[in-house]
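Open the model in a viewer and keep the selection tool at hand.

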Amino acid sequence: MPPSACLPHGATRQASASSRCRPTRTGRPCEAAPGEIAFGLIAISATKDCPVAGTGLPLVLMSHGSGGSFLGHHDTAAALADAGFVVAAINHPNDNFQDMERRGHLSTFAARPVDMRRLADHMLDAWPGRTKIAKEKVGFFGFSRGGYTGLVATGAVPDFKLGLRFCTPTPKIPFCGQIQRQELPAPPVRDARIKAAVIVDPLSFFDAEGLKQVAVPVQLWASARGGDGVTLDDVEAVRRNLPPTPDWHMPANTAHFAFLAPCAPAMAKALPEICNDAGGFDRVAFHADFNAKALAFFRQHLASKP
């Protein structure tokens with residue numbers, strides 16, 4: 001296993017929590033001064049082999065969107081790690097930028113929450129720094145399909161038949177045929193260890209009945225203009241149907257990918273569709289506020305608990 005590397009008072013590493021969970025980035029409090037570590041087009045400020053500082057640390061699990069990676073929210077992970085949280089993120093197998101073999105299959109939606117459960121198992125039971133984590137202080141951060149994943153992990157029950165609305169005008173998505181043929185996987189189940197969740201512009205397979213079992217505090221973010229299959233109407237429906245009234249945020253002039261970390265120039269040139277924001281939107285300034293609000297929410301519901 002390659003050495004770990006702490007983000008600015010956090011960490012990044014390649015690990016295998018299970019046969020499905022790979023790779024994993026782990027952020028944690030660290031007292032050493034950071035340097036720069038490059039991951040392709042993304043460079044992060046990090047320190048290799050930094051011991052975990054502190055005890056009784058809250059843990060946040062992080063789930064990326066479709067075709068994304070564990071680096072998609074590296075600035076948010078760093079903000080949490082700087083504040084004393086352990087943050088663990090994975091590349092979801094068969095649904096990440098390097099491997100999209102089953103991106104459009106229902107099996108991916110069933111597997112994602114299982115991936116995160118295995119990640120939690122790894123962090124709490126096998127990770128070398130596990131004794132530093134407070135097992136009763138586990139949170140979840142999820143974006144887009146990761147937001148769907150977080151809702152399921154906190155008790156929501158997806159109705160995969162609702163996915164047919166994504167099949168117009170693109171009926172060739174594999175799950176369209178699977179739904180029509182009633183080839184529906186068993187719904188994944190809640191992970192009761194998760195006590196709070198930041199859900200960001202989630203892809204929704206949920207109706208009111210499916211959301212009624214979510215019983216943890218939720219901070220819910222929506223983009224004003226949507227994108228990548230996510231609409232403001234869908235996220236507002238999640239807001240209305242969550243039993244605990246969520247901490248709701250809908251920043252003006254945001255599109256779906258505004259929630260991804262600000263892009264370095266090389267990445268912006270290579271991936272303008274996810275890096276460039278319209279209408280003079282300032283992603284750097286927005287993320288300063290976004291990260292601060294996510295941190296305050298997790299502090300309220302995790303770090304402050306005995």
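Select Phe297 and Phe298: both are buried (under 20% relative accessible area with a 1.4 Å probe, protein chains only; over 50% is exposed, and partly exposed lies in between). This is a predicted model, in which local features need pLDDT of at least 70, side-chain atom pairs count only at pLDDT 80 or more, and totals for chains, interfaces and linings use all residues. Residues are numbered from 1 along each chain as its sequence is written, and side-chain values use heavy atoms, with hydrogens and water left out.

Next, select Thr149 in helix α3 (residues 145-153); helices are DSSP runs of H or I with at least four residues, strands are runs of E with at least two, and both are numbered from the N terminus. Thr149 counts as buried because its relative accessibility is 0%. Show its contacts (heavy atoms within 4.5 Å): leaving aside neighbours within four places in sequence, they are Ser63, Arg112, Pro113, Met116 and Phe140.

Move to Arg112, where α2 bends by about 25 degrees, with Pro113 following within four residues; the bend is the angle between axes fitted to the seven residues ending there and the seven starting there. Select all of α2 (residues 106-125): its 20 residues should span 28 Å at 1.5 Å a residue, and the end C-alpha atoms are 29 Å apart, which agrees. The expected span is 1.5 Å times one less than the number of residues. Of the 20 residues in α2, 14 are buried.

Finally, colour by pLDDT, the predictor's confidence in each residue from 0 to 100. The chain mean is 85, and 82% of residues reach 70 or more. Over residues 1-23 the pLDDT is below 50. Where pLDDT is low, the predicted coordinates should not be read in detail.
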